[in-house]
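Here is a walk through one protein model, taken piece by piece. Keep the viewer open and follow along.

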Amino acid sequence: MQEEYLNKKTLYLVDKGTGLIVRRDGPSVLIEKKDRAPIRIPVNFVDKVIIWGNVELDAYSLTLFSRHGIPVVILNRDRESSVILPYNHESTDHSKLQRRIFSSKILIEKYLKMIKTRRMENEKRVINKLFKNLSISIEIEDRRYQSLLSKIKPSEFLWEMIKRIIASFLQITITGRIISAKLNPHIGIMHKDCNYGLVFDIYHIYEPEADLQTAQFFYSGGCKPSFINQPEITHEEIQMIADRFEKKRMDFYHSLDMTISELFSIMRKVTP
């Protein structure tokens with residue numbers, strides 16, 4: 001099951017100014033672009049869908065994605081995103097175990113310690129990449145991490161504009177893996193009073209990766225000076241972000257699977 005998940009890919013539906021039409025065609029979706037031959041994508045090859053721009057998507061395609069447990073995220077130019085999440089009826093048994101963690105102070109502490117430890121590991125990794133001459137211990141505090149990041153931000157507004165998109169990519173990937181593992185994405189502990197609580201709990205671990213890819217967007221030669229002066233997200237920026245994200249996809253999947261394995265290890269300690 002894990003190997004099947006790793007072999008699937010993100011379906012990016014990105015409008016490049018001429019519009020995009022997506023229709024269901026049996027067990028596939030048919031993608032039509034102006035002056036281009038249609039492209040047929042079998043849904044079995046897709047693990048998540050990311051939509052940006054003027055994309056016309058029929059209801060039958062959404063039903064097809066939902067039936068196969070494929071989450072869909074829609075990004076727009078107003079710095080907002082919407083998620084379409086399939087119903088995961090197979091998560092019922094695990095949902096009971098997830099909820100029972102709440103009744104054990106010891107298990108809650110184990111869970112929070114796991115999140116904190118893995119978050120700090122990622123903070124250290126990111127800081128060591130961004131500041132190669134700086135030695136950071138594993139006990140780096142979030143305040144120091146944020147202080148170091150502030151030194152390289154072109155501006156808070158620009159940083160958050162790009163990071164929001166990368167965060168959406170990470171969060172939809174986490175959501176897809178949670179569904180694949182038959183867990184309930186809404187049952188979290190750090191974020192227990194909101195939808196997608198478990199997604200946000202796990203994203204807290206990987207938020208430093210969003211910071212790293214944001215920094216790479218600005219400082220790895222891809223960001224145009226015109227974007228700094230007149231910041232507007234176009235299909236070119238989306239493509240640049242997606243290309244970098246896909247290069248790191250397999251490493252992120254493996255790390256994410258380790259995190260979910262740790263979560264299952266904690267859940268197995270729940271007393272019946």
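Let's start with how H4 and H7 sit against each other: the two helices are roughly parallel, a label given to angles under 35 degrees, while over 145 counts as roughly antiparallel, 65 to 115 as roughly perpendicular and the rest as oblique. Helix H4 covers residues 105–130, and its axis runs 9 Å from that of H7 at an angle of about 5°. The axes here are lines fitted to C-alpha atoms, for helices over the stretch in contact, and the angles run from 0 to 180 degrees between N-to-C directions. Helices (H or I, at least four residues) and strands (E, at least two) are DSSP runs, numbered from the N terminus.

Before going further, note that this is a predicted model, where local features need pLDDT of at least 70 and side-chain atom pairs count only at pLDDT 80 or more, while totals for chains, interfaces and linings use all residues. Residues are numbered from 1 along each chain as its sequence is written, and side-chain values use heavy atoms, with hydrogens and water left out.

Contact means heavy atoms within 4.5 Å, and on the H4 side the residues making it include Tyr111, Met114, Ile115, Arg118 and Asn122. Across from them, H7 contributes residues including Leu198, Asp201, Ile205, Tyr206 and Pro208. Sorted by type, the contact of H4 with H7 has eleven nonpolar, two polar and eight charged residues. For that sorting, Ala, Val, Leu, Ile, Met, Phe, Trp, Tyr, Cys and Pro count as nonpolar, Asp, Glu, Lys and Arg as charged, and the others, Gly among them, as polar.

Asn122 is worth a click. It belongs to helix H4 and is buried at a relative accessible area of 10%; buried means under 20% relative accessible area, exposed over 50%, and partly exposed in between (1.4 Å probe, protein chains only). Setting aside neighbours within four places in sequence, Asn122 touches Ile205, Tyr206 and Pro208.

Now for the aromatics. A pair of aromatic rings is described by the distance of the centres and the angle of the planes. Rings of Phe, Tyr and Trp (its six-membered ring) pair if their centres lie within 6.5 Å, and planes under 30 degrees apart count as stacked, over 60 as edge-to-face and the rest as tilted. Searching the whole structure turns up seven aromatic pairs. Take Trp159 and Phe218: their ring centres are 6.4 Å apart and their planes at 15°, so this pair is stacked. Trp159 is in helix H6 (residues 156–180) and Phe218 in helix H7 (residues 197–219), so the pair ties together parts that are 59 residues apart in sequence. Tyr219 itself is partly exposed, at 49%.

Not counting residues up to four places away in sequence, Met161 touches Phe227, Pro231 and Ile233. Met161 and Pro231 are 70 residues apart in sequence, yet 8.8 Å apart in space, C-alpha to C-alpha.

The loop between H6 and H7 has a backbone detail to check. Most residues other than glycine have a negative phi, and most peptide bonds are trans. Lys182, in that loop, has a positive phi near 65° and is partly exposed at 28%. Tyr196 is found in the loop between H6 and H7 too, with phi near 60°, but Tyr196 counts as buried at 19%.

Finally, the sheet. It is open, with four strands in the order S4-S3-S2-S6 and mixed pairing; two strands pair if DSSP finds at least two bridges between them. S4 (39–42) and S6 (55–57) are at the edges with a single partner strand each, so one side of each is left without a neighbour in the sheet. From one strand to the next, the twist averages 25°. S2 (residues 20–25) and S3 (residues 28–33) pair in the antiparallel sense over six bridges, and Val22 has Ile31 in S3 as its bridge partner. Helix H2 (residues 59–67) lies across S2, S3 and S6, running at about 60° to S2.
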